[in-house]
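Opening the notebook on a new model today. I'll jot down what I look up as I go.

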Amino acid sequence: MEKLTGLNKVKTAVFISGSGSNLKSLIKFSKVKKSPIFIDLIVSNTKKAKGLQYARQFHIKSKILNFKNIKNTEKKLLAFLERNKIKLICLAGFMSILSKNFIKKFDCKILNIHPSLLPKYKGLNTHNRAIKNKDKFSGCTVHYVTEKLDSGRIIMQKKVKITKRDTSTTLARKILKHEHKLYPKAILKVFS
Ligand code: GAR
């Protein structure tokens, strides 16, 4: 039987800022045979990100970087990614905005998951805005990252019904569960 070493998979970095539930689902996905990715690095813009626990749990190297000093940080990060042959970046709840220069210079793919049906509700507070507007549906989107925020080509979306009882908290929870399935599916599509 072929030994699953990860060596023939796409070396991937996942960028996080928070609880890291999408990161956890991507790690699980990366371990199945059909997955095209191998998660080699976790980057966080804060040491407070709970998702960093998965770096320890799954023995993945991690970097906590200060994106406030963006120019210097990104320069070092780009060099590190290149040295480590990282070919894919998955943003998963990463709340810093990467500079145009970084996006241009990293000449491999950058993907993001966003908690709305883009192009609706780019930016923050997506669930609140969908409920306030009395939308019947919201959802999540996986898209390519380009220099314009939340505007790159859409890879996959999942529509989720908003009920009358939904608050931004319940809706966020509901959509997050779909995000965990959508991100792996979108990655499969990108590499199919
Ligand atoms: C997810 O809902 C993700 O879509 C969102 O943050 C949450 C992170 O959860 N991302 C954005 O809002 C990006 N603009 P997680 O840390 O549990 O994966």
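Predicted model: local features only at pLDDT ≥ 70, side-chain atom pairs only at ≥ 80, totals over all residues.

Where is tyrosine 121 found? I traced the chain and landed in the loop between β5 and α5.

Next entry, helix packing. I picked α1 (residues 21-30) and α6 (residues 168-190), whose axes come within 9 Å and cross at roughly 45 degrees. That angle makes α1 oblique to α6. I noted the handedness of the crossing as well: α1 and α6 cross right-handed.

Then I listed who touches whom. From α1 I have Ser21, Asn22, Ser25, Leu26 and Phe29. They meet Leu176, Glu179, His180, Tyr183, Pro184, Ile187 and Leu188 in α6. Sorted by class, this contact of α1 with α6 has seven nonpolar, four polar and one charged residues.

Last entry, the ligand. Which residues surround the ligand? I wrote down Gly18, Ser19, Gly20, Ser21, Asn22, Gly93, Met95, Ile113, His114, Pro115, Leu176 and Glu179.

I followed up with distances from ligand oxygen atoms:
- For serine 21, I get 2.5 Å from a ligand oxygen to an N or O atom in the side chain.
- For asparagine 22, a polar backbone atom is 2.9 Å from an oxygen atom of the ligand.
- For glutamate 179, an N or O atom in the side chain is 2.8 Å from a ligand oxygen.

Definitions and conventions
Residues numbered from 1 in each chain as written. Heavy atoms only, no water. Axes fitted to C-alpha atoms, helices over the stretch in contact; angles between N-to-C directions. Helix = DSSP H or I, 4+ residues; strand = E, 2+ residues; numbered from the N terminus. Parallel < 35°, antiparallel > 145°, perpendicular 65-115°, else oblique. Left-handed = near helix turned anticlockwise from the far one by under 90°. Contact = heavy atoms within 4.5 Å. Nonpolar A, V, L, I, M, F, W, Y, C, P; charged D, E, K, R; others polar. Near = heavy atom within 4 Å. Polar contact = N/O pair within 3.5 Å; in protein donor to acceptor, adjacent residues only side chain to side chain.
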